[in-house]
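Subject: Structure handover and notes

Hello,

I am passing on the structure we talked about, and I would be glad if you read the notes below with it open beside you. Please take your time over them.

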Amino acid sequence: MQNLSPTSDLAQVCISSLLCLADRTMPKKAKPAGTGKEEGPVPCKQLKMEAAGGPSTLNFNGPSSLFESLISPIKTETFFKEFWEQKPLIIQRDDPALATYYQSLFKLSDLKSLCSRGMYYGRDINVCRCVNGKKKVLNKDGKVHFLQLRKDFDHKRATIQFHQPQRFKDELWKIQEKLECYFGSLVGSNVYMTPAGSQGLPPHYDDVEVFILQLEGEKHWRLYHPTVPLARQYSVEAEDRIGRPTHEFTLKPGDLLYFPRGTIHQADTPPGLAHSTHVTISTYQNHSWGDFLLDTISGLMLDTAEEDMAFRAGIPRQLLLQVETTAVATRRLSGFLRKLADRLEGTDVLLSSDMKKDFVLNRLPPYYEGDGAELSTPGGQMPRLDSVVRLQFKDHVILTVGLDQSRSDETQDKMVYVYHSLKNRRALHMMGKEETECHGLRFPLSHVDALKQIWTSAAVSVKDLKLTTDEEKESLVLSLWTECLIQVHNHFHKLLVSPLGRLICHLQSGLKWDTEFKQA
């Protein structure tokens, strides 16, 4: 699998052909997940390709292509300019092919086989119903039995909420992994199955950006003005406080709904024979500028304190016992914040980031078909000093700095860390259980410029890395290769100075990496 999102199919074809000429020994890459062509957003019915389990109308060429096809026919530029974090978007389509594809993502009938795999109430499934404006939970204890679940659905008119179905449904894994690359944020999902004439949840708002895909049947929606725009937490709202709906509509299979966090909403299945199934795909939880400021300022303050003694001076005696912050303390804090702002302005120094680390350690692994050997076994020949290397799975790797966690003494040196999600466990995604092991590498801070070279170059010669000795250069690329993070071209270095090599570099420069790291 390759996480490169091309702006030109012709460039990609040319590069593949030229690389084969340059290095016959390089390992074969996994087949791309889709065969659609990247031609910008067009109506979904023109974006048909083969996918696991049937025809797909989504474009899996890359993260940008996937999102463009997801919200088609709305253009991405229009979406972020007019709707993102601002107002709801309802896309009602009359597209049988898209409706069929959406229905393949998750069906009520899938529950029987899923329950046989060992599902538990609370962890995997919730059963609930909205009664007199309040949520009534009907969960049993322990393991879920399908017959009991179906009984609650048919006789108690209860809604079944299935948590994080991407753990079991490959196509949702494929979609959400690409969306995590696109947004640079964790992307979760829940499936809601509601019988006819019933409602599962009372009016409420969420702390996430929400995309609703209607899979089966119809769902009647009512949206209201937010009381807390871009809310940071979930909250139920009493119906007598929310006023009249700003939007009221019914979604059918193949339709899509987006609304920002804080949007008050409620939904019910219309009376009749058919149940409703929809999947809620959500992102951007705790992903605001405020969160990023808190994350950044911590590392910035520690770095500044190492150089500025004023930050290391003790606070006045009994300051923590005061009822109110004193004027002296306020002035000192304001001065320190101005110093931090001055230091941050214009800096390109790599700062520590717990947000980056949390994202990459808890996100989905790259989507793969088969045994996924390319994620755990280095391919091709071992890198040498005369090799040319390039980063792979770039959307799944981050650079950050921090203190050397392997040392317990008082003189902890700052290190540069490379974290990746290649070995993350899909079964734990968004389940509130952090990975027990951090997957990645640790290098001396002196290696940061060489690592940036690898990150920002289409391809780089090992001997040209910004390190003092050849041994350091070889050791660095060998470590990255062992983690399956780089591709190696052992007979490529002479080609770089040739007209053919310059053509390859020119084509490579036209490729766009969709990566959270470059945006950070």
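Predicted model: local features only at pLDDT ≥ 70, side-chain atom pairs only at ≥ 80, totals over all residues.

Residues are numbered from 1 along each chain as its sequence is written, and side-chain values use heavy atoms, with hydrogens and water left out.

Next come the aromatic rings, of which the structure holds 27 pairs. Rings of Phe, Tyr and Trp (its six-membered ring) pair if their centres lie within 6.5 Å, and planes under 30 degrees apart count as stacked, over 60 as edge-to-face and the rest as tilted. Trp84 and Phe183 form a stacked pair, with 5.4 Å from centre to centre and 15 degrees between the planes. This pair links distant parts of the chain, since Trp84 is in the loop between α3 (76-82) and β3 (89-91) and Phe183 is in helix α7, 99 residues apart. Phe183 also pairs with Phe211 in a tilted arrangement, at 6.2 Å centre to centre and 40 degrees between the planes. Phe183 lies in helix α7 and Phe211 in strand β9, so this pair ties together parts that are 28 residues apart in sequence. Both Phe183 and Phe211 are buried, where buried means under 20% relative accessible area, exposed over 50%, and partly exposed in between (1.4 Å probe, protein chains only). Ring pairs link these residues into a cluster whose members include Trp84, Phe183, Phe211 and Tyr258.

Helices (H or I, at least four residues) and strands (E, at least two) are DSSP runs, numbered from the N terminus. Helix α7 (residues 170-183) has 14 residues and, at 1.5 Å a residue, should span 20 Å, which agrees with its end C-alpha atoms being 20 Å apart; the expected span is 1.5 Å times one less than the number of residues. Of the 14 residues of α7, 13 are buried, and just after the helix Gly184 takes a positive phi of about 65 degrees.

Strand β9 (residues 209-216) has eight of its eight residues buried, so it is largely enclosed by the rest of the structure. Two strands pair if DSSP finds at least two bridges between them, and β9 pairs with strand β15 (residues 276-283) in the antiparallel sense over seven bridges, with Ile281 as the bridge partner of Phe211. Four bridges also join β9 to strand β13 (residues 256-259), again antiparallel, and there Leu213 stands opposite Leu256. These strands belong to an open sheet of eight strands with antiparallel pairing, in the order β3-β13-β9-β15-β7-β6-β4-β5. The strands β3 and β5 (134-137) stand at the edges, each with a single partner strand, so one side of each is left without a neighbour in the sheet.

Best wishes
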